[in-house]
Amino acid sequence: EPQLVSLCGHKDPEVRRLALSVLAKSGRAAALARLEKALADDDASVRSAAIVAAPRWIARAKPKADDLALLRNALAARLGAEVWQERAAAAARAYY
């Protein structure tokens with residue numbers, strides 16, 4: 001897990017996307033901070049990967065209400081994204 005957390009901060013966006021996806025599927029608590037950070041990443045593909053990964057993590061981690069609220073707020077912030085695909089993806093996952 002520490003390697004995955006580290007790779008979520010890698011300089012290559014593809015590495016960040018893949019590491020984030022695997023970490024979210026693990027359901028580990030460490031994924032929460034990385035998902036939040038990825039939702040604000042400079043790279044649109046990493047943000048999109050985080051939007052897709054968030055519900056997977058929620059389903060596996062069964063987070064506490066406070067943690068769930070943090071992630072929902074980060075997802076909701078993407079509803080104002082410049083890229084319409086990002087807004088649509090966030091809206092599709094807003095019910096989590």
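Trainee: Starting with Lys62, does that residue count as buried or exposed?
Mentor: This is a predicted model, and in it Lys62 has a relative accessibility of 63%, so the residue counts as exposed, the cut-off for that class being over 50%.

Trainee: And where does Lys62 lie?
Mentor: Lys62 is found in the loop that runs between α4 and α5.

Trainee: What about the phi of Lys62?
Mentor: The phi angle of Lys62 is positive, at about 50 degrees, even though the residue is not a glycine.

Trainee: Switching to the core, how many residues does the largest nonpolar one have?
Mentor: The largest nonpolar core has 23 residues, and those with the most contacts inside it are Leu20, Leu35, Leu39, Ala50, Ile51, Trp57 and Leu71.

Trainee: Which helices supply this core?
Mentor: At least two residues of this core come from each of α2, α3, α4 (44-61), α5 (65-77) and α6 (84-92), and α4 gives the most, with 7 residues.

Trainee: You listed Ala50, so what is Ala50 in contact with, neighbours within four places in sequence aside?
Mentor: Once those sequence neighbours are set aside, Ala50 is in contact with Leu20, Leu35, Ala38 and Leu39.

Trainee: On to helix packing then; how do you describe a packed pair in general?
Mentor: Two packed helices are described by the angle between their axes together with the distance between those axes.

Trainee: Okay, at what angle do the axes of α2 and α3 cross?
Mentor: The axes of helix α2 (residues 13-26) and helix α3 (residues 31-38) cross at roughly 140 degrees and come within 9 Å. The two helices are therefore oblique to each other, since angles have to be over 145 degrees to count as roughly antiparallel. The crossing of α2 and α3 is left-handed.

Trainee: Which residues of α2 and α3 meet there?
Mentor: From α2 there are Leu20, Leu23 and Ala24, and these meet Ala31, Arg34, Leu35 and Ala38 of α3. Sorted by class, the contact of α2 with α3 has 6 nonpolar residues, 1 charged residue and no polar ones.

Trainee: What angle do α3 and α5 pack at?
Mentor: Helices α3 and α5 pack at an angle of about 15 degrees, and their axes are 9 Å apart. With angles under 35 degrees counting as roughly parallel, α3 and α5 are therefore roughly parallel to each other, and their crossing is left-handed. The contact is made by Leu32, Leu35 and Glu36 of α3 and by Asp67, Leu70, Leu71 and Ala74 of α5, a set that has 5 nonpolar, no polar and 2 charged residues.

Trainee: How far apart in space are Lys37 and Ala74?
Mentor: Lys37 and Ala74 are 8.8 Å apart from C-alpha to C-alpha, while in sequence they are 37 residues apart. Lys37 itself has its place in helix α3, and with a relative accessible area of 56% Lys37 is exposed.

Trainee: Last pair for me, how do the axes of α4 and α6 cross?
Mentor: The axes of α4 and α6 cross at roughly 10 degrees and come within 9 Å, and the two helices are therefore roughly parallel to each other. The crossing of α4 and α6 is left-handed. On the α4 side the contact is made by Ala44, Arg47 and Ile51, and on the α6 side by Glu86, Ala89 and Ala90. The residues of this contact of α4 with α6 divide into 4 nonpolar and 2 charged, with no polar ones.

Methods
Residues numbered from 1 in each chain as written. Predicted model: local features only at pLDDT ≥ 70, side-chain atom pairs only at ≥ 80, totals over all residues. Heavy atoms only, no water. Axes fitted to C-alpha atoms, helices over the stretch in contact; angles between N-to-C directions. Helix = DSSP H or I, 4+ residues; strand = E, 2+ residues; numbered from the N terminus. Parallel < 35°, antiparallel > 145°, perpendicular 65-115°, else oblique. Left-handed = near helix turned anticlockwise from the far one by under 90°. Contact = heavy atoms within 4.5 Å. Nonpolar A, V, L, I, M, F, W, Y, C, P; charged D, E, K, R; others polar. Core = buried A, V, L, I, M, F, W, Y, C linked by side-chain atoms within 4.5 Å. Buried < 20%, exposed > 50% of the residue type's maximum accessible area, 1.4 Å probe, protein only.
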